[in-house]
Amino acid sequence: MNSMLLLLIMGIAAGCLGAVLGIGGGMIITPVLTIMMGMDIKYAIGASIISVIATSSGSTIAYLKDDMLNLRVAMFLEIATTVGAIMGALLVGVFSSTFLYVLFGFFLLYSTYNMIRKLMDKKGESIYTSDDKIVNKLNLASTYYDKAEQKQVDYSMKNVPGGFIMMWAAGLASGLLGIGSGAFKVIAMDTIMEMPLKPSSATSNLMMGVTAAASATVYFFNGSIKPDIAGPLAIGVLAGALIGARVMQVLKPKVIRMIFIPIILYMGVQMVLKGFGVSF
Amino acid sequence: MSEKTKVDSKKMHEETRQVELVIGKILRVGVITSAIVILIGIAMYFINGGGGYDSGFPRRFSAIFSGIAAGKSYAVIMLGVFFLILTPVLRVVVSIYAFYKENDKLYVIITTAVLIILIFAMMMGYRS
């Protein structure tokens with residue numbers, strides 16, 4: 001009873017944060033389950049993949065209703081991520097995971113630097129609105145209503161091929177290393193394609209469930225998903241994601257960025273250290 | 001952005017809006033269904049005083065369904081969790097239909113490709 005209640009509460013917290021930032025709850029759930037609750041890493045990974053799906057499905061309901069996400073961007077980039085994830089799963093063992101951890105870790109650190117620069121920009125959050133041939137062809141430009149700034153924001157984007165390649169790499173990393181790719185998805189849209197942060201987060205939320213569904217079937221059938229852990233956790237995360245998707249819309253983009261930066265910094269340092277054989 | 005493309009994109013966006021609302025509704029039904037099944041399973045866990053298995057839990061469909069028939073709570077929770085795993089697939093399927101309704105051929109193709117890749121990946125998962 002107690003542990004189920006604990007899982008439920010942790011799920012609410014992870015779902016809420018995940019929905020705001022567009023990342024899965026794995027980075028919170030895995031350490032809490034293994035270190036604090038002493039659970040086998042196998043079941044912790046199974047639980048975190050379920051929480052990614054629950055975050056994605058819970059928040060997407062709200063983001064679709066409030067017109068926050070970009071369905072075309074999601075589906076177009078989803079091709080890159082899912083193909084990358086399958087290639088990653090097939091190529092496990094071909095590449096050295098040390099090299100990959102260090103590579104993706106440094107990329108996250110570099111993205112942290114980019115995000116801080118965006119945060120420090122005196123002009124505030126810039127919105128890219130210029131024409132772009134690929135964006136027009138794929139009909140990707142869209143609009144959203146920013147509840148915090150109380151205005152309709154029309155936006156375009158650029159460097160779609162760059163974002164596509166980044167998404168493929170994110171999928172590859174998640175397949176090869178078994179890590180979530182939410183943070184990479186947000187970075188691809190926000191930093192590389194210069195989409196506004198809120199639709200980037202909402203779109204990442206939609207996408208990460210689709211990417212996670214494939215690996216979730218692996219974990220489901222190989223027995224990594226335990227009903228007494230996954231059940232209460234899923235309920236908590238769903239509730240948390242519904243709350244988080246409401247909270248995100250009234251937060252200023254700048255505030256969301258300020259929460260995002262320390263998290264990718266932490267993930268980046270953790271991955272680089274893991275590459276060099278230090279785990280925590 | 002030129003004026004013409006602006007007007008086009010506004011109209012396009014209105015259509016997309018309708019599509020998104022439909023997907024949202026269907027997705028909500030899927031999520032609520034899986035949550036209810038999981039909650040029933042958790043309630044049964046407390047009523048029965050356990051998962052219904054001496055050790056372990058079911059993970060293949062045959063075991064899950066025979067477990068549900070025997071009133072075992074773990075089997076019910078596993079079914080709910082599996083429904084939850086299917087919700088993203090549902091999202092892709094409904095998107096294809098929605099883009100089709102919108103006469104957006106390009107995105108019918110793109111989204112169908114996503115579905116095919118996803119099903120392929122899930123089959124790989126089932127076999128592994």
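Start at A:Q150. With 7 C-beta neighbours inside 10 Å, this residue counts as exposed. The model is predicted, so read every stop on this tour as a feature of a prediction.

**Stop 1: the loop at A:Q150**

Select the stretch between β1 (142–146) and β2 (151–155) of chain A; A:Q150 sits in that loop. Check its backbone. Phi of A:Q150 is near 50°, a positive value in a residue other than glycine. Most residues other than glycine have a negative phi.

**Stop 2: the loop at A:D67**

Now go to the loop between α3 (41–65) and α4 of chain A, where A:D67 lies. A:D67 is not a glycine, yet it has a positive phi of about 60°. Is A:D67 exposed or partly exposed? A:D67 counts as partly exposed, because it has 19 C-beta neighbours inside 10 Å. The cut-off for buried is 20 or more.

**Stop 3: a helix pair in chain A**

Select α4, residues 71–90 of chain A, together with α7, residues 160–177 of chain A. How do the two helices pack? Their axes are 6 Å apart, at an angle of about 35°. The crossing of α4(A) past α7(A) is right-handed.

Show the side chains at the contact. From α4(A), the residues include A:L77, A:A80, A:V83, A:G84 and A:M87. From α7(A), they include A:G163, A:F164, A:M167, A:W168 and A:G171. By class, this contact has 15 nonpolar and 8 polar residues, with no charged ones.

**Stop 4: all of chain A**

Zoom out and colour chain A by secondary structure. There are 11 helices and 2 strands. From the N terminus, the order is α-α-α-α-α-α-β-β-α-α-α-α-α.

Next, the overall dimensions. Along the principal axes, the C-alpha atoms of chain A fill a box of roughly 50 × 40 × 30 Å. Of the 280 residues in chain A, 56% count as buried. Among contacts in chain A with a separation of 6 or more, 83% join residues 24 or more positions apart.

**Stop 5: chain B**

Switch to chain B. It has 4 helices and 0 strands, running α-α-α-α from the N terminus. Of its 128 residues, 40% count as buried. Among contacts in chain B between residues at least 6 apart in sequence, 51% join residues at least 24 apart.

**Stop 6: where the chains meet**

Show both chains. Contacts link 47 residues of chain B with 51 residues of chain A. Which elements of chain B give two or more residues to this side? They are α1 (3–48), α3 (73–101) and α4 (105–127) of chain B. The largest share, 17 residues, comes from α1(B). Colour the chain B side by class: 29 residues are nonpolar, 13 polar and 5 charged.

**Stop 7: the core**

Finish inside. The largest nonpolar core has 128 residues. Select A:I50, A:I53, A:A234 and B:V81, the residues with the most contacts inside that core.

Then centre on A:I53. What does A:I53 touch, not counting residues up to four places away in sequence? In chain A, its partners are A:G209, A:A212, A:A213 and A:A216. In chain B, A:I53 touches B:L84, B:I85, B:T87 and B:P88.

Notes. Residues are numbered from 1 along each chain as its sequence is written. Chains are lettered from A and ligands numbered from 1 in the order in which they are written. This is a predicted model: local features need pLDDT of at least 70, side-chain atom pairs count only at pLDDT 80 or more; totals for chains, interfaces and linings use all residues. Two residues are in contact if their C-beta atoms, placed from the backbone, lie within 7 Å. Ala, Val, Leu, Ile, Met, Phe, Trp, Tyr, Cys and Pro count as nonpolar, Asp, Glu, Lys and Arg as charged, and the others, Gly among them, as polar. A residue is buried if 20 or more other C-beta atoms lie within 10 Å of its own, exposed if 12 or fewer, and partly exposed in between; C-beta atoms are placed from the backbone. Axes are lines fitted to C-alpha atoms, for helices over the stretch in contact, and angles run from 0 to 180 degrees between N-to-C directions. A crossing is left-handed if the near helix is turned anticlockwise from the far one by less than a right angle, and right-handed if clockwise. A nonpolar core is a set of buried Ala, Val, Leu, Ile, Met, Phe, Trp, Tyr and Cys residues joined through C-beta atoms within 7 Å.
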